[in-house]
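Here's a quick briefing on a fold, written for someone who likes cut-offs spelled out. Take a look at the model first, then read on.

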Amino acid sequence: MSTLAITGCQTFAEMNNSIPHTEHSSSSITDTTNTDQQSLKDDAIRIQRALANGDYASIADDIHPNRGVRFSMYAYIRPESDKVFSPVQYLQYLRESNIRFTWGAKDGTGDPLVIPLPEYLQTWVNANTFNDGAKITINESQVNGNSINNLNEIYQNSDFVEFYSAGSEQYGGMDWRGMRLVFDEYQGKRYLVAIISDQWTI
């Protein structure tokens, strides 16, 4: 069977959504915020575990129906070239594993990463890195790598959950890994709009 490679920019267009703001009492805001943050964290952990277990198809219903889900190789999001898949496309490319995509350029070498979606999820997202001992934060990054983190610029009205693995003593912590799951609300439901990977860059 021949192998196809797709090197174009985005495969699913994103639309900007604004989130309305309303006035509440301070106690109401605190209670609502705590509940919302716990729910957000629970959703993120469920998605992380599904990815770690290779149960990739199970997160299709979490993908934003209009904006799709973006995959960013590093902390610096590139709207002009990152792959963005709709829920239908995501499931399609999980099945059609002969179709390869150019996800971006590897730091250090500049070589393009050209692999199918399932392999990208397994080897690059590599969510099982965050199974044990990972630190989890909400709307706050623990990572201070060399790559510019422009998440708040690209997703100004979104929430994100960051998973951070500090790395090993063997490599002086330089093998740390990060994963940010970005969410937006749509018609009263929270959806995944981005999976951002992060690691040490030169």
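This is a predicted model: local features need pLDDT of at least 70, side-chain atom pairs count only at pLDDT 80 or more; totals for chains, interfaces and linings use all residues.

The axes of helix 2 and helix 3 come within 7 Å and cross at roughly 90°, with axes being lines fitted to C-alpha atoms (for helices over the stretch in contact) and angles running from 0 to 180 degrees between N-to-C directions. Helix 2 and helix 3 are therefore roughly perpendicular to each other; on this scale, under 35 degrees is roughly parallel, over 145 roughly antiparallel, 65 to 115 roughly perpendicular and the rest oblique. On the helix 2 side the contact (heavy atoms within 4.5 Å) is made by Tyr90, Tyr93 and Leu94, and on the helix 3 side by Leu117, Pro118 and Leu121.

**Ground rules**
- Residues are numbered from 1 along each chain as its sequence is written, and side-chain values use heavy atoms, with hydrogens and water left out.

**The chain overall**
- The protein chain has 4 helices and 9 strands, taken as DSSP runs numbered from the N terminus (helices are H or I with at least four residues, strands are E with at least two).
- Reading from the N terminus, the elements go β-α-β-β-α-β-β-α-β-α-β-β-β.
- Of the 202 residues in the protein chain, 41% are buried; buried means under 20% relative accessible area, exposed means over 50%, and partly exposed is in between (1.4 Å probe, protein chains only).
- Among contacts in the protein chain with a separation of 6 or more, 62% come from residues 24 or more positions apart.

**The sheet and what packs on it**
- Six strands make an open sheet in the order 3-2-9-8-7-6, with mixed pairing; two strands pair if DSSP finds at least two bridges between them.
- Strand 3 (83-85) and strand 6 are the edge strands, each pairing on one side only.
- On average, neighbouring strands of this sheet are turned by 15° against each other, direction ignored.
- Strand 2 (residues 69-72) pairs with strand 3 in the antiparallel sense over 3 bridges.
- Helix 2 (residues 87-95) lies across strand 2 and strand 3, and runs at about 105° to strand 3.
- Helix 3 packs on the sheet too, touching strand 2, strand 3, strand 8 and strand 9 (189-199), and its direction makes about 60° with that of strand 9.

- Arginine 70 sits in strand 2, and its bridge partner in strand 3 is valine 84.
- Arginine 70 is buried at 1% relative accessible area, and its side chain makes a polar contact with the side chain of tyrosine 155 at 2.8 Å.
- A polar contact here is a pair of N or O atoms within 3.5 Å; within protein, one must be able to donate a hydrogen and the other to accept it, and residues adjacent in sequence count only if both atoms are side-chain atoms.
- Leucine 181 lies in strand 8 and is buried, at 0% relative accessibility.
- Setting aside neighbours within four places in sequence, leucine 181 has contacts including Ala44, Ile47, Phe160, Phe163, Leu192 and Ile195.
- Leucine 181 and isoleucine 138 are 43 residues apart in sequence, with 9.8 Å between them, C-alpha to C-alpha.
- Arginine 78, in the loop between strand 2 and strand 3, is partly exposed at 42% relative accessibility.
- The C-alpha atoms of arginine 78 and isoleucine 154 are separated by 9.1 Å, although the two are 76 residues apart along the chain.

**Aromatic rings**
- Rings of Phe, Tyr and Trp (its six-membered ring) pair if their centres lie within 6.5 Å; planes under 30 degrees apart are stacked, over 60 edge-to-face, and the rest tilted.
- By this rule there are 13 aromatic pairs.
- One of them is phenylalanine 130 with phenylalanine 163, tilted, at 6.2 Å centre to centre and 50° between the planes.
- Phenylalanine 130 is in the loop between helix 3 (117-125) and strand 6 (135-138) and phenylalanine 163 in strand 7 (residues 159-165), so this pair ties together parts 33 residues apart in sequence.
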